[in-house]
Amino acid sequence: MKRHGNLFSQIICFENIFKAARKTRKGKKLKHSTTLFELELEKNIFKIIECLKNKTYQPGRYRDFHIYDPKLRLISAAPYFDRVIHHAIINIIEPLIGPVFIHDTYACIRFKGTHRAVKRYKQFQKKNPYVLKCDIRKYFPSIDHKILYEKIEKKIKCKDTLWLIKKIIDSREDKNNIFYFSGDDLFTPLQNKKGIPIGNLTSQFFANLYLNDFDHYVKEKLKAKHYIRYCDDFVIFGNSKKELKTIKVEIQNFLDTERLKLHKNKTRVYRTSEGVDFLGYRIFPEYTKVRKSIVKAYRKRLKIMESKYSKGIINLDKIKASLMSWIGHVKHANSYRLRGEMFSKIKFVRKKSVSFKGQS
């Protein structure tokens, strides 16, 4: 197994930090934090290089907020300065470590994503009458720092890079959701640091790496021919309920060693013919629907945007971006009537006494 060294000089070189800064500002050019960083771009780049080179870097304080996606999620946004560093790390390590991922993992990987995962699901669905649908309970808050770091150490031997990665892993800890596993005593779950913030770019990559050994176990040991994973959601197809129920026991035993638990209410065997919820869609053999909770959430969002536009809080560009994103998602389902029905009820009209306030 190859371990990669001499990475730190590549991470902290001016060209890589500059490239990272450009990626960080993508889609956020109008944000105040972006403007502040860009006003003294060269100075800030050298500041990053200096604090990393001298080992004086300390991750900043996260800004926490909740979103509905469609369930309530806690998002932790790192300061802009830190986000540039996250991109600088991923620029270098992703091309080296990414090739160890199996073909059928789809989250936060270039040229992959939800729509390709759904397309793959439809291919496998045609070949199998049953599917085991699984969800890992509180995945990001449950990721064990020690286990994650050991997995990274197996891929990277550059001590300076490992120092930086450990700084980021340890920058946030989740002290809720205490779970016990075989061999634990009363204090073990309290002693083990766990949890990585959903909002970090590095967290998305680490979350994929954390389950990479599991992916290979499912494919190579359990011989699951038709398997798809998108972050902590995954499906395994098969020819019988009995076969998949046996696999379910095996995978929970493996996940115990990673200090992860399957969500009992979201893990079960389905007939593929009855339609299964997967990545925002309900997928049937002959057609695909947008999941009801997704539709309900966007109806609510449309009403909010309608109100904000009438008050001059948002402009049409922001509304258009939201609509195009929504259409981009639902067009992969049989949604022509749904789109027509939803959009026909919305009218974006500015109140006569209100002008655009420039807030977004």
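**Reading a pocket and a sheet**

Modeller: Let's start with α5, which gives five residues to the lining of the second largest pocket, the most of any element. Helices (H or I, at least four residues) and strands (E, at least two) are DSSP runs, numbered from the N terminus. This is a predicted model, where local features need pLDDT of at least 70, side-chain atom pairs count only at pLDDT 80 or more, and totals for chains, interfaces and linings use all residues. Residues are numbered from 1 along each chain as its sequence is written, and side-chain values use heavy atoms, leaving out hydrogens and water.

Colleague: Which elements give two or more residues to that lining?

Modeller: The general idea: rolling a probe the size of a water molecule over the atoms shows where empty space is left. Here, the elements giving two or more residues are α2 (14-25), α5 (80-97) and α11 (201-210).

Colleague: What does the lining hold by class?

Modeller: Eight nonpolar, four polar and four charged residues. Ala, Val, Leu, Ile, Met, Phe, Trp, Tyr, Cys and Pro count as nonpolar, Asp, Glu, Lys and Arg as charged, and the others, Gly among them, as polar.

Colleague: And the sheet: what is the order of its strands?

Modeller: In general, strands of a sheet pair through backbone hydrogen bonds, either parallel or antiparallel. This open sheet of four strands runs β4-β5-β3-β6, with antiparallel pairing (two strands pair if DSSP finds at least two bridges between them). At the edges sit β4 (227-230) and β6 (268-271), each pairing on one side only.

Colleague: How many bridges join β4 to β5?

Modeller: Four, with β5 covering residues 233-238. Ile228 has Val235 in β5 as its bridge partner.
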